[in-house]
Amino acid sequence: MQTLTLTRPDDFHLHVRDGKVMESVIMASARQFARAIIMPNLTPPVVTVSQALDYRQRIMSCLPGDSSFNPLMTLYLTEETSVEEIQQARESGMVYAVKYYPAGATTNSENGVRSLQRVYPVLEALEEKKLLLLVHGEVTDPAVDIFDREQVFIETVLAPLLERFKGLRIVLEHISTRHAADFVMQGPETLAATITPQHMLLNRNALFVGGLRPHHYCLPILKAEEHRLAIVKAATSGHPRFFLGTDSAPHARARKESDCGCAGIYSAFNAIELYAGIFEQAGKLDRLEAFASHYGADFYGLPRNQETITLTREDWQIPATLPFVEDEIIPLGAGEVCHWILQ
Ligand code: DOR
Ligand code: ZN
């Protein structure tokens, strides 16, 4: 197959940051995707509807006038989030979900939730107002091995949460383990998962190939090969509760190549082309469109996009670095050959 035409895809998990960083990354996503769920972990975090609407305005002002890219906003859940804010979020028509970061789990999560019980009234409001809960599914207990944090989260936090909030739609973001894939596959209709390109392309050896590789460091951390295979299998299974979410998380090169490097992999540059390569490699190119363009919209209760995009089979080299504000950024797959190109 030499060309592939798909319904224009959506990215259901995207970090675009703010200010000059946003200016340097936003067009990459707008070129490929019709809509994106915008993560709220700015500093300070996006905790109110008014902040989310202002943030959306700033994103829109970075886009050319003829762009139809639609940023779908989220709120950052804190123990202070009020039920009224959820009500307002629903009324705004622009805020689709609330992001739950266990405090300390990842980049800019300090203001996240320590005790889930404290936010039960907010979760009830989400359930009632039919907004989604997006979950960074890792426990933060430093005694738990970093490679086990997703599995332990599923057992100790997510399973009881689903039991208690039976009508709440939950997305377990950026799944990285066989446990997560199995759990979602067997879980209720209210549970879905996003899958990133890095968790399908790389296993944990990629963190240490010939030395320490900070540009492969993200959270959840890359896992062993059996988990990578399980994630590829889930994404390409045709199961409607697995869909595309890049978790593209830009950090300047200097912030990653440091004695305490930031977590996050920048994949927005050519995400859909990477996903096409992964699905082709798995022999499941015919399932890319549903994963990238249908299932996420269906789970969120959004209309599917009308427009299409066309990818062509062509080898090209992903740049080793890209300009990024006053620094550079290293894209996922830097220097490697990509087999698909978006027209
Ligand atoms: O690797 C990550 N980077 N994981 C996250 O959960 C957050 C993200 C970021 O914001 O940089
Ligand atoms: Zn993220």
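**Entry 1: the largest pocket**

I started with the residue classes in the lining of the largest pocket, and I counted 19 nonpolar, six polar and seven charged residues there. I kept in mind that this is a predicted model. The lining comes to 32 residues, and those nearest the pocket's centre are Leu-201, Leu-202, Leu-332, Gly-333 and Glu-336. For the volume I got about 680 Å³.

Helix 7 (198-201), helix 8 (225-235), helix 10 (271-281) and strand 13 (337-342) each bring at least two residues to the lining.

**Entry 2: the second largest pocket**

Here I found about 520 Å³ of space. Of its 25 lining residues, Arg-17, Thr-43, Thr-107, Asn-108 and His-251 are the closest to the centre. Sorted by class, the lining holds 14 nonpolar, seven polar and four charged residues. Helix 2 (residues 49-62) gives the most, three residues.

**Entry 3: the zinc ion**

Which residues coordinate the zinc ion (ligand 2)? I found His-13 (NE2), His-15 (NE2) and Asp-247 (OD), at 2.0 to 2.1 Å. Along the sequence, these donors follow the spacing H-x1-H-x231-D. His-15 sits in the loop between strand 2 (10-14) and helix 1 (19-32), while Asp-247 sits in the loop between strand 9 (242-244) and helix 9 (253-256), so the pair ties together parts 232 residues apart in sequence.

Methods: Residues are numbered from 1 along each chain as its sequence is written. Chains are lettered from A and ligands numbered from 1 in the order in which they are written. This is a predicted model: local features need pLDDT of at least 70, side-chain atom pairs count only at pLDDT 80 or more; totals for chains, interfaces and linings use all residues. Side-chain values use heavy atoms; hydrogens and water are left out. On a 1 Å grid over the protein atoms alone, a cavity is a set of points where a 1.4 Å probe fits but cannot get out, and a pocket is an open set with protein on both sides within 12 Å along at least five of seven lines; lining residues have an atom within 4 Å of a point. Grid points are joined across faces, edges and corners, and a volume is the space filled by probe spheres set on the points. Helices (H or I, at least four residues) and strands (E, at least two) are DSSP runs, numbered from the N terminus. Ala, Val, Leu, Ile, Met, Phe, Trp, Tyr, Cys and Pro count as nonpolar, Asp, Glu, Lys and Arg as charged, and the others, Gly among them, as polar. Donors are N, O and S atoms within 2.8 Å of the metal (3.2 Å for Na, K and Ca); water is not among the atoms, so sites may look incomplete.
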